[in-house]
Amino acid sequence: MKVLVPVKRVIDYNVKVRVKADNSDVDLANVKMAINPFCEIAVEEAVRLKEAGTATEVIAVSIGDKACQEQLRTALALGADRAIHIETDQKLDSLNIAKLLQKVVEEEQPQLVILGKQSIDSDNNQTGQMLAALTGLAQGTFASEVKVEGDKVNVTREVDGGLQTVALNLPAIVTTDLRLNEPRYASLPNIMKAKRKPLDVKSAADFGIDLAPRSTLVKVAAPSERQAGIVVETVDELIEKLKNEAKVIS
């Protein structure tokens, strides 16, 4: 079974995000970048399927500028067999990313596509669902457990009432939640081996897709600082402040 794992390059989650002085975008100058944490979980799950003998090949794919190859090499060090880089300097929205991934799915014909439920930069939570719609494949989102049994994959997901398990016919699309697994660290020998694993570079323009953006970034602003709370002595004082200062009751 072939497993395809899309990964995204994002600001490392330990780094405090800065906004450019002109509020045009997030400042990426001299900022540590990493694989999106949910994508890292997807890579780990695919590698575990291979280690269990269920999967035969794990392919990592990333879309973006040349710097994305750093994250693809990390995915290879974590256990992926080969990587595909779709190179573009254009900032793409979720639909265009899903359309490019659709082309990769058509070319590679994987039995399972595992990707993070969302990226920590845009937080759109759209690409997996859009890819499932474009390819016509079954989808299981927010997976906290994945079990492949024959020609089906059982995806357990957390819902308001507890846990829900859906059985999907393969091939299928699965998006990962935080509780699916804990990703491993890449060992030094595997990092060295990753340098020799195949990484194919393709141009996004070669796929014949209109990549014109469907949304416009107007402004980026840092969240306003939270004000310190206050302690009130009585219920009457609390009601007075809610009514006259916060103006949330009348």
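By salt bridge I mean a side-chain nitrogen of Lys or Arg within 4 Å of a carboxyl oxygen of Asp or Glu. Helices (H or I, at least four residues) and strands (E, at least two) are DSSP runs, numbered from the N terminus.

A word on what you are looking at. This is a predicted model, in which local features need pLDDT of at least 70 and side-chain atom pairs count only at pLDDT 80 or more, while totals for chains, interfaces and linings use all residues. Residues are numbered from 1 along each chain as its sequence is written, and side-chain values use heavy atoms, with hydrogens and water left out.

Back to the pair. Are Arg82 and Glu108 buried or exposed? Both are buried; buried means under 20% relative accessible area, exposed over 50%, and partly exposed in between, with a 1.4 Å probe and protein chains only. Arg82 and Glu108 also belong to a network of salt bridges that links them with Lys2 and Glu57.

How many salt bridges are there by this rule? The count comes to 17. Another one joins Arg9 to Glu70, with the closest N and O atoms 3.2 Å apart. Here too the pair links distant parts of the chain: Arg9 is in strand β2 (residues 9-11) and Glu70 in helix α2, 61 residues apart. Arg9 counts as partly exposed because its relative accessibility is 21%. Glu70, at 46%, is also partly exposed. Then there is Glu245, which forms a salt bridge with Lys241, the closest N and O atoms being 3.2 Å apart. Glu245 has a relative accessible area of 54%, so it is exposed.

Next, the strands. β7 (residues 138-149) and β8 (residues 152-159) pair in the antiparallel sense over six bridges; two strands pair if DSSP finds at least two bridges between them. Val148 has Val153 in β8 as its bridge partner. β7 and β8 form a hairpin with two residues between them, and Gly150 in the turn has a positive phi of about 65°. β8 is in turn joined to β9 (residues 162-169) by eight bridges, again antiparallel. These two also form a hairpin, with two residues between them, and Asn154 has Ala167 in β9 as its bridge partner.

Now the inside. The largest nonpolar core has 35 residues, and Val3, Val5, Leu112 and Val153 have the most contacts within it. Such a core is a set of buried Ala, Val, Leu, Ile, Met, Phe, Trp, Tyr and Cys residues joined through side-chain atoms within 4.5 Å. Among the elements that each supply at least two residues are β1 (2-6), β7 and β8. The largest share, seven residues, comes from α1. Leaving aside neighbours within four places in sequence, Val5 is in contact (heavy atoms within 4.5 Å) with residues including Cys39, Val58 and Ile114.

That is what I have; questions, please.
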